[in-house]
Structures are given as C-alpha cells and as structure tokens.
Amino acid sequence: MKAMGANEIRRAFLRFFEQKDHYIQQSYPLVPREDKSLLLINAGMAPLKPYFSGTKEPPNKRMATCQKCIRTDDIENVGRTARHATFFEMLGNFSFGDYFKKEAIEWAWEFVLKDLQMPRENIWASIYEEDDEAFDLWHNHIGLEKERIVRLGKEDNFWEIGTGPCGPCSELYYDRGPAYGCDDPDCKPGCDCDRFVEFWNLVFTQFNRDEEGNYTKLPNPNIDTGMGLERVAAIMQDVNSIYEIDIAKRIYDHVVRIKNSPEQASENVSIKVITDHIKAVTFMIGDGIIPSNEGRGYVLRRLLRRGARHGRLLGIRHTFLKDLMETVVEIFGEDYPELQEKKDYIRKIITVEEEKFQETIGQGMEILDGYIDALKKRGESILSGADAFKLYDTYGFPLDLTLEILAEKEFTVDQEAFKAAMEKQRNLARSSRQKQGNEGWAEDPLKSVDPMLKTLFTGYTSSKETAKVMALVSEGQAVEEATKGMEVLLITDKTPFYGESGGQIGDQGRAYHDFFEGKILDTQKDKNGRTYKRLTVLSGAVKTGEEVTLHIDEKRRFATTKNHTGTHLLHQALKDIVGDHVNQAGSFVSDERMRFDFNHFEGLTKEEIEKIEDQVNSVIFNGQPVTAATMSLEDAKKKGAAALFTEKYDAHVRVIEVEHYSNELCGGCHVDNTSKIGMFKILHESSVASGVRRIEAVTGEEVYRLMQQQESLVNEAAARLKVKKDNILRRIEEILEEQKEQNKTIESLKSKLAGDVVGDLMEGAQKIKGVPVILENLGEKEMDEIRKVGDGLKEKLESGIILLGGKNNGKANFIAIVTKDLIQKGIKAGDIVKVGAKAAGGGGGGRPDMAQAGGRHPEKINEALEAVKSYVEETL
C-alpha cells in the first residue's frame, strides 16, 4: 500500500468516478441552499436530498462529490479521541435510479485495490444480516472470502430515518492487525476495539417504509455512498489519528511553532482542538457565514472563541488564528479555490472576531474564576444562570465555553435559568422593534374573495389605467358597493399601482369615474400575491363590475423609483469597495428615503462611506441607461445577476441592468436612466444585528432639502460665533484652545487643593491598634479628584490604611488604599472597599493595594466610613 496524501486521495477518487461516467460536482457550500431542516451541511448526501426525493432533476443520474461538512454534536470529544472532528470531508458516489448494488460494490472494490492499493487481505465487508444479494455479490462476484463478510443487524447496517426511502448498507473495513485488537479470538468488524476501521459505507436505498412499518420496494432504487477522507488518509498513511495525517499535521506543527516552546503532553488536546477548529472556521467564513449570536453564525463564533481560548491555555496571549488560516488556505486552496479568492476577507473576519474576544476574555476569565472560588467556598457545584448570562452578554462567553471551563473543574451551569435570561432579553428586543401601524390588514384581508382572482400589473410602463372592479371588501367581507365615507379594499383586473413588496412601498393615488371619486391610501399584496388597494370613497359610489380610472401619484412614484434604483447602485458600490462578500440583508424604499441592510462584520470607515458616495454619484452623473428584462433564472445567473440568498424565485425572473455597472433580480420600479436620480447622499451607517449593517440615504429632491438644512445650520453657527462662514472652523479651534488653557488652570488649582487636603488628612490620621488609618468623606468630588487625593496620601504614608469617599451625580464613590506591609498581614484594599460600598448600597473591588467602588446612597458615606472603621478594628 503506497502512502497517499489527503489531497491526492481526494483527486484520485473524483478522477476514478469521472471515468465511470459520473458528473463531478464541486463541493456544495456549508450553508444549505433549500433545506431549512439543517443549520449546516453535515453529510455528503445532505445537499443531494432533492435528487433522492425526486423533487429536483439531478444534472446526471450518476454523481460524485467531495463534500465539506460540519458537525458539532460531539464537540467536547474533539481533540480527545483519534476520530472526532467538527470539520471533515466526505467522498461519495451516487446513483439516482441508474446503477445499483453490483456496480457500487464492484467500483468500491476496484478503487480500494487498484487506486489506493490497499492489501486485499486487509479488507473486510459487513452487510445487513438479511441482505443475501449483497453477500452473493461480495462472495461470488467479487471473490471475497465468506469469513471476511460479516452480517450485522439493523442498528449497524440498515439506513432509515422514520418513514420514507431506506435500505440496507454494506461497509468496508480495514484490518489494522492483532496489535490493535482485543483478547476475543473471534474479533471482527462490529467489535468495539480499534482493530477494524470502517472507512466506506455503501447505502442501497431500495425500500420505502410506511407509517405502519411496512417495507415496499422502490421502483428506482438509489445508491448513496460515503467515505471519510480523513479516515481513509489515516489508513493510507499508517497513522493512529486523523490529527496525524499530512493536511492536519501541517496545521498542528504551525500551532506548536506559534506556541514557541517545546510541546508538552498536557497540551496535546488544545493543539488538536485549534487544528480542527481553524479548518472549520476558515471554510465557514469562506462560504459566507459571519460570527453572530444566533444560528450558524453562533456555531462559527463558538468555534472561533473556543480555539482562541485553547490558545490561551497554551500560553499564547496574542491573536494567532488569522496566521493559522494562511496554512489552511495553502493546504486546501487548490481544491477549494474560493478560499484563495476570499483569503483577505477570511483573515479580516477572524482578526476582528479574535481581537474582540481578546478584549474581554481576560476580564471574563477573572470573573469566572471569582465565581468558581465563591462556589467552592459555599460548597456548591452549579453556577447560576444569571452569572452565566452575564459572562455571555458582557464578556462574549458562549454558554458552551462557560460549560466547558466549568466541567474541567467539575462544576456546571443552571442552564434553564440561563435560557430564561436569554429569552427575556430576546423578548425585550422583539418588543423594541415591534412593527407600528395597523396590523389588521395583514390578517388574510382577502379571505372573502375568490382565490382565483388575479390582477395584471401594468405599472412598469403606465401610470394611469382603466380597469374593471373585480371585488370590494369591507371589514373582511365582500360587498357589492362602497359609498361615501367607506374605507374598503379594492381589487381590479389590472392596475398601475405597485403593491408593497421587495422593500418598495405601495403606491398611493386616485380611483374615479363620472359618479365616483376615491383616494387610494396604500397598495398591498396578500400572502397569495394578489394586489389590493386601500380605498377611501370621497364622493359618490363604486360597484363591482364597474370600470374605474386608476391614477397613481406620479410624483411620489418617481421619487420612490429614484431611491429603488439608488439601492442597486449602492449595493454594487458596497461590493466593489467593501468586498464581494457583501449581500443584501433587507431594504426599505419609499419616496422620502431608502434603507439598505447588508452583511458585513464591522462599521464602515469615513473613507469607505466617501468612496461609496463618490462611486454612486459618478454613475448617476454619467447618465447610464437602466433596463429591465425577463429571462429564465438560469440565464439570469449566467448573466451574473445578484439575488437575495433567502428569496425563492420563479422559473422566469426580471433583471434590472444598469449599463456597464450592475445586474440584479428585482420586481420593483426603477428610473430608465441613472441621471434621473439626481444625486445620492448617505445619512447614517449603523449596526442592526451582529454581522448586519444598515445604510440610510436619500436621493433627488431630498438631497437638495438636506443641503438647505445644512446651509441653514452653517449660517446660524456663523452668526452665533460672529464670524464669516469661511472662518467657522478657525473660530472653533480658537475656542477649543482657550478651553484647553482654562482646563489646565482648573486642574492646577485642583491639584493644589488636593495637596492641601492631603496635608490636612495626614495631620488628622487616627491610629487603630498602632496603625495609621485615614477615613474621610471628601464631599462633592469626582472620582478623579478622589483618586488624586488618594495618590497623594499613598506617596506620604509609609504604613497605613486609607478609605476616601465622595459623592457625584447622585452616587457614592470610594477608593481604598493599603500599604504593602499590611497586605502581608492579610488586610486588602478590595475587602475594605467592599465593606464600605456595601454600607452605601453598592459594590466593587480591585487589587490588594488599591481598589475602588460605588454605591447608590451617597447620604450613607459616613455610615460606610464607620463600617470600615469597625472592620479594621476587628481585623487588626
């Protein structure tokens, strides 16, 4: 058997099945495309479910893939066993009603013996105990000795998940030899020892299981095979662990180099955890996943922070995961070119997230260590949910990380209380963003209307239309007539009115005929896509079956189209300037402004915002044509049209093209030339969720109004500063300089005053059991002023205890100082300040020599000083 690298095995497998007329599919992304049951792709066949179920036509009845996968079910075992990993690659060949058992077994045998050159005598096969057909193929067709064909039960060799397609399977095992076995003379596949390693599973999907548990044969049986690349590489390279194979060893060795000290046996788990997690993190970010606190973004954040924390266990105090990522890309970049293409982006995401965690992990670990010490003192083993939530909410510790650290010390968390705290926060967030307005219209407003009624939209080319009234709905019920003063829903056979969708608001306008006048307040679509208008009858009456003239508010629509086309220009500018990873995460387009949400991991810089504005306005000033075309979804993709990942599209779609600039799938209304937008200006850029940013902007007349407002502000500022507009900045700089000089004078006076106070306090120091003690209420003082007095006393006092209190903004502030000689006797500033703060309704802490705290009751500062005096008397 020749030693083969993992990359070599991957390429050999795909090449082999390409020669067997298989369509070679590049690995699907880790983000499932149409499967909401999965958070992440976790098996080779997972992206192919629609082909197995028959809901989609495969590109070929024979396919082969090397699929990247993520599993975190057994994350606590990663690094502790030879086989557990969160990231792995699954080699697989598949048949959708084409070949079956004979070919699957033949080709598996051929690949293993000829391409991998595994020794024949080391190969065993297991089959389902009732699958005589598989036994016959292995024994009589392939020639495998019957002693090396093991029949196993349903639990081991029959694949099924509830009802639906299922079937027996046959697994290939590699015999590592007696040295890895147990004492059982009959040791064979199915034994729990390490001698026989299962490396390829051939699933024969030939039955359908009904709800009664009956099995019927499928008319077109399928083949689904899976071979773990890392596991077969370990066999080929004759190593004991997937962490010792070539692609993992390079990362492992890089971790050791970063650690910059000889590897210790106790560090083995942490190095393996980092080796595994950096692969998972790199591939996940490469597939567009961004760290967040929910869903797959949470999985990514958890893996990244877990890796960073194990780095700290190795003594690595700087950010290092970004450097390991480079090694991952070097190893996998040729076979996964998206990693090379997105390397800079991946590095940036890892850097930002790791730096963010580095800022809080040290403080968070101190807090957690304090919690653990407190649990030990109380003889308890369960950390409260409130404390675990504080670590999560304030210091960025995922619950899993807290659980892992506690488990190492034989503690755990009250997870139910943690979940309750999390749910409380989510409910607050939901209520804060509760949608305003009349929600009644959203509850199936057309339930009394014939569901087959459809409205033809003519508003792309027309602003005015004569249409037939198909239905009128008042208070949820269909009516034949609407009279003056009534508010109804109006459904017509055709309309120029755009129903709110795709982020664009619905049109307003008029509806009328000779004996009727009505105002259309809004246009919406129901859940079935039917367009209806909210109509107030101003005069006369309108009946079903009548013809009415529909006329949109053209000025409002024109302003809306400017903003809608503006979002397309903005989207492309973001991709060009910020990065190709940027994708739309939502939008709102009205006649007054636009709001555009997009995936990105950090706030935009001032320079980036300026570049975006410059690019968008350049396209506007160039007067580039904007065209709309309907085409197949496949053609739109070939054209490079941008689409929303979360949207489902029909077979034919509408593509908006800005000439020489952008292509985007969109059903909204647009200008026909960018020059009609006039001008574009960003108002705000902010965060709306983890990994999601928001830009609010205006176009056209609203930019002019904004300029007028800003001009008015400049004029007002110039008048108040009594200078010309050109001299405003110079005058502000002069004022700031004057203020700086005044502050210096104030600080000088404060320091002199503090020095006087220090002298007075030194003279008035009391002695408790021979130890100088200064306890003083300094009155109305900021914390900085109290600290200066404390620093002055510390310089002059050779031995002693100090507690200073003061009030500011309705709160009590305390600083405690203890000299080194007394610290050695067990007196600590942190303990003293806690006693004082507690008496004033607060808390705090710090170092043994200096600590500070606050309290809610400044009127109790004197009581706090007395409490400390008593504490010192008792302690001394």
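Contact here means heavy atoms within 4.5 Å. Helices (H or I, at least four residues) and strands (E, at least two) are DSSP runs, numbered from the N terminus. Axes are lines fitted to C-alpha atoms, for helices over the stretch in contact, and angles run from 0 to 180 degrees between N-to-C directions.

What you see above is a predicted model, in which local features need pLDDT of at least 70, side-chain atom pairs count only at pLDDT 80 or more, and totals for chains, interfaces and linings use all residues. Residues are numbered from 1 along each chain as its sequence is written, and side-chain values use heavy atoms, with hydrogens and water left out.

I start with helix α16. Residues 554–577 form this helix, which lies across β24, β25 and β26. Its direction is at about 120 degrees to β26.

Those three strands form an open sheet, ordered β24-β25-β26, with antiparallel pairing. Two strands pair if DSSP finds at least two bridges between them. Which strands stand at the edges? They are β24 (626–632) and β26 (662–665); each has a single partner strand, so one side of each is left without a neighbour in the sheet. On average, neighbouring strands of this sheet are turned by 25 degrees against each other, direction ignored. Between β25 (residues 652–658) and β26 there are four bridges, and the two run antiparallel. Val658 has Ser662 of β26 opposite.

Next, a pair of helices. The axes of α9 (residues 295–313) and α12 (residues 343–378) come within 10 Å and cross at roughly 55 degrees. α9 and α12 are therefore oblique to each other; angles under 35 degrees count as roughly parallel, over 145 as roughly antiparallel, 65 to 115 as roughly perpendicular and the rest as oblique. The crossing of α9 past α12 is right-handed, meaning that the near helix is turned clockwise from the far one by less than a right angle. On the α9 side, the residues in contact include Arg301, Leu304 and Arg312. On the α12 side, they include Ile350, Phe357 and Gly362.

Now to strand β2, residues 62–70. Is this strand enclosed or open? Nine of its nine residues are buried, so β2 is largely enclosed by the rest of the structure. Buried means under 20% relative accessible area, exposed over 50%, and partly exposed in between, with a 1.4 Å probe and protein chains only. Arg62, Ala64, Cys66, Lys68 and Ile70 point one way from β2, while Met63, Thr65, Gln67 and Cys69 point the other way.

β2 has pairings with β1 and β3. With β1 (residues 23–25) the sense is parallel, over three bridges, and Tyr23 has Met63 as its bridge partner. With β3 (residues 87–96) there are nine bridges, and the strands run antiparallel. Here Ala64 stands opposite Asn93.

How many disulfides does the structure hold? For Cys66, the nearest cysteine sulfur belongs to Cys69 and is 8.4 Å away. Cys66 is buried, at 4% relative accessible area. Cys182 is in no disulfide either, with the sulfur of Cys191, the nearest, 3.7 Å away. Cys182 is partly exposed, at 34% relative accessibility.

Last, Glu741, in helix α20 (residues 728–763). Glu741 is partly exposed, at 40%.

Conventions:
A disulfide is a pair of cysteine sulfur atoms within 2.5 Å.
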